[in-house]
Amino acid sequence: MPARPNRIALFIDGSNLHATARTLGFDIDYRRLRSEFEGRGELLRAFYYTCLIEGQTNFVVKPLIDWLDYNGYTVVTKATKEFFDGNGRRRTKGNMEIELTVDAMEMAEQIDEMVLFSGDGDYRRLVEAIQRRGVRVTVVSTISSRPSMIADDLRRQADVFTDLLTLKPHIIRSLPH
């Protein structure tokens with residue numbers, strides 16, 4: 001009886017991955033990213049998380065979200081919150097940590113490997129909890145930038161750390177000719 005393929009789910013912190021790729025000087029081709037991980041096992045789900053600025057049409061993020069939604073990604077969005085800080089300046093706040101964490105915990109029983117695209121140290125406890133359920137966790141970020149884009153405790157907690165720079169040849173978006 002042949003071995004069952006490794007069941008994988010991708011959890012992409014959209015703003016964190018975008019900032020990391022920008023820091024490394026390239027854009028990601030999400031079709032190639034998906035293909036790269038389909039070649040590593042049975043890709044059960046590819047989640048992409050991002051916040052949207054409420055009341056504004058985001059000309060950069062909206063086309064990407066639509067494309068991802070039509071091309072096999074599960075897109076999770078929420079509106080940012082506006083508030084005024086102690087100095088009276090308008091600020092926006094938005095993060096997807098709870099949404100990503102809940103989805104990862106729900107998927108844990110169905111997967112063998114979680115691939116987290118984020119360097120945010122707030123995910124360390126999630127990684128630890130997923131590992132206790134017998135899931136191997138790969139964290140993708142970078143230590144190739146100054147400063148590094150990954151929290152040291154998150155990198156230490158991961159079973160495998162993959163520097164985004166090593167994936168670059170496989171996932172870089174090439175410019176149209």
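Start by selecting helix α1, residues 14-24: it lies across β1, β2, β6 (113-117) and β7 (136-141). It runs at about 80° to β1. Angles here run from 0 to 180 degrees between N-to-C directions, with axes being lines fitted to C-alpha atoms, for helices over the stretch in contact. The helix and strand names follow DSSP runs (H or I of at least four residues for helices, E of at least two for strands), numbered from the N terminus.

A word on what you have open: this is a predicted model, where local features need pLDDT of at least 70 and side-chain atom pairs count only at pLDDT 80 or more, while totals for chains, interfaces and linings use all residues. Residues are numbered from 1 along each chain as its sequence is written, and side-chain values use heavy atoms, with hydrogens and water left out.

**Stop 1**

Now colour the strands. Six of them form an open sheet with parallel pairing, in the order β3-β2-β1-β6-β7-β8. Two strands count as paired if DSSP finds at least two bridges between them. At the edges you'll find β3 (74-79) and β8 (160-163); each has a single partner strand, so one side of each is left without a neighbour in the sheet.

**Stop 2: strand β1**

Select residues 7-13. Buried or exposed, what is β1? Six of its seven residues are buried, so β1 is largely enclosed by the rest of the structure. Buried means under 20% relative accessible area, exposed over 50%, and partly exposed in between (1.4 Å probe, protein chains only).

On one side, β1 pairs with β2 (residues 42-52) in the parallel sense over seven bridges. Show I12 and you'll see Y48 of β2 opposite; D13 has Y49 as its bridge partner in β2. β1 also pairs with β6, again in the parallel sense, over five bridges. There, A9 stands opposite M114 of β6.

**Stop 3: α1 meets α7**

Show side chains for L17, T20, A21 and L24 of α1 and for L164, L165 and K168 of α7, which make the contact. Contact means heavy atoms within 4.5 Å. By class, these residues divide into five nonpolar, one polar and one charged. The classes are nonpolar (Ala, Val, Leu, Ile, Met, Phe, Trp, Tyr, Cys and Pro), charged (Asp, Glu, Lys and Arg) and polar (the others, Gly among them).

**Stop 4: S141**

Which strand holds S141? Select β7 and you have it. S141 is buried, with a relative accessible area of 1%. Leaving out residues up to four places away in sequence, S141 touches T20, S118, G119, M149, I150, F161, T162, D163 and L164.

**Stop 5: a cis bond**

Most peptide bonds are trans. The one from R146 to P147 is cis, with omega near -5°.

**Stop 6: Q157**

Next, pick Q157 in helix α6 (residues 152-157). Setting aside neighbours within four places in sequence, its contacts are R124, V127, E128 and Q131.

**Stop 7: α4 and α5**

Select helix α4 (residues 97-107) and helix α5 (residues 124-132). They pack at an angle of about 5°, with axes 10 Å apart, which means that α4 is roughly parallel to α5. The contact comes from L100, T101, A104 and M105 of α4 and L126, A129 and I130 of α5. Six of those residues are nonpolar, one is polar and none is charged.

**Last stop: zoom out**

Show the whole chain, with its seven helices and eight strands. Buried residues make up 40% of its 177 residues. The C-alpha atoms fill a box of roughly 65 × 45 × 35 Å along the principal axes. Among contacts between residues at least 6 apart in sequence, 66% join residues at least 24 apart.

Terms used. Parallel < 35°, antiparallel > 145°, perpendicular 65-115°, else oblique.
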